[in-house]
Amino acid sequence: MSGRPRVAVLLAAVVTFTAVLVPSAQAAYARSAQAVPKVPRTAVLDGARLQRTRARLGRDPLLQRALRDLTARADTWLDQGPWTVVDKPRPAPGGDVHEYLSQAPYWWPTTTPTADNPWGCPYVQRDGQRNPEVDSGTDRQDAEKVFDSTYDLALAWYYTGKRAYAEKAGQILRTWFLDPATRMNPDLNHAQFIPCKYDGRAIGIIDFSQSYTSVLDAQALLAAGAPGWSAGDRTAMEKWNADFLDWLKNSAFGKEEGAAANNHGTFYDMQLAALAYATGDTALARRTVLDARARRIDPQIAGDGSQPQELARTRSWHYSTFDLVAYTRLAAIGRHVGVNLWAYEGPDGQSLFKAVDYLLPAATGAAAWPHPELEFHRYAAADVVHAAADAGDPAARAAVAKLEAPPGGDLWALRPAAEQLDSIAG
């Protein structure tokens, strides 16, 4: 046998052995190699980093394991949805079925509903105790499914090239945001209403601000070359985002939420900066990140890294990690516009690094969380610790190996942007 045929046989054997060794990951990588997407212009995620990660998939067992977790999540969405705001049992106050409606999660009826008082009014607040009726009859749960599904599906398409993922993500986005018969109006005028009390509230903006940046990144991923996501879809989605940004900046609710001093204000800034960046207003995005130093970090984070306003809650661990999701995502947006929010130190030594370090004893299991918490989940801190470690915090880097993986696996390597990992919201 000549040298060249022998080499060909050896190469074929290596390919066969590799395919047998990791069949699912190898097949996914082979599909993804067929058509390399462009570097996505993501708002929170780092598009260039995603592209480098994608190039390493075929030779990195840890990434392949994370990809299996990601595609398992994406697969569950393929036979669900799409969802729409027009199919809830009752429209929002005013009667427009295209208006998003959600109910305040911590407000409860005080009487048994009757024909004359169908809601059981008046309602009273029980902080940290979620009223189960908020998950039926409004759009809140469906919106969260839209956010989660499009993010998972778009990421799964980007890393595998599997057409079904992209097409499903596009269908979900078109149904919720674009189709004239089923679209949502680009406002949150009736978010977190309280029956018999308020038709909507400014704090309801957090229904979107806590997760909508993931939808912006999903759109950017699809725009990198996904099948089924057309130029018309991109243009229409850009228009919806621009209209939503205008409402967020100029409505009375938007201005009120922007003035909030706790996690609501942080998430508002994050959403404002992300929408500004995604729609091309990089000056507004940069100004928002810069202003967060004195406007958010200085008053919200103490010199020891604690967040006093979040510690005052009955879910102090949740809200401390939750607020840092917004901060770390805002810092990621800052990277795109030339602002290093991680490097900032306030007049009393306040910083994002200190805020994350304050969580490390509980996040690693080294010590109990010393503040009120109705439902402690150690894994809730995993993503913000990853973010601090990536930004150069030595203590966070040392803690990564001791973190508790969230349900569904640790996906940080594939989507390095903090998510809210425990379920409670509000």
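Which residues do ring pairs link into a cluster? In this predicted model, ring pairs join Tyr-100, Phe-147, Phe-177, Phe-208, Tyr-212, Trp-240, Phe-244 and Trp-247. Residues are numbered from 1 along each chain as its sequence is written, and side-chain values use heavy atoms, with hydrogens and water left out. Because the model is predicted, local features need pLDDT of at least 70 and side-chain atom pairs count only at pLDDT 80 or more, while totals for chains, interfaces and linings use all residues.

Rings of Phe, Tyr and Trp (its six-membered ring) pair if their centres lie within 6.5 Å; planes under 30 degrees apart count as stacked, over 60 as edge-to-face and the rest as tilted. By this rule there are 21 aromatic pairs. One of them is edge-to-face, because the ring centres of Tyr-319 and Phe-322 are 5.8 Å apart and the planes stand at 75°. Both residues belong to helix H14 (residues 316-336), three residues apart, about one turn of the helix; helices are DSSP runs (H or I, at least four residues) numbered from the N terminus.

Arg-313 lies over the face of Tyr-319, at 4.1 Å from the ring centre. Over the face of Tyr-277 lies Arg-41, at 3.9 Å from the ring centre.

Technical notes
Helix = DSSP H or I, 4+ residues; strand = E, 2+ residues; numbered from the N terminus. Lys NZ or Arg CZ within 6 Å of the ring centre and 35° of its normal.
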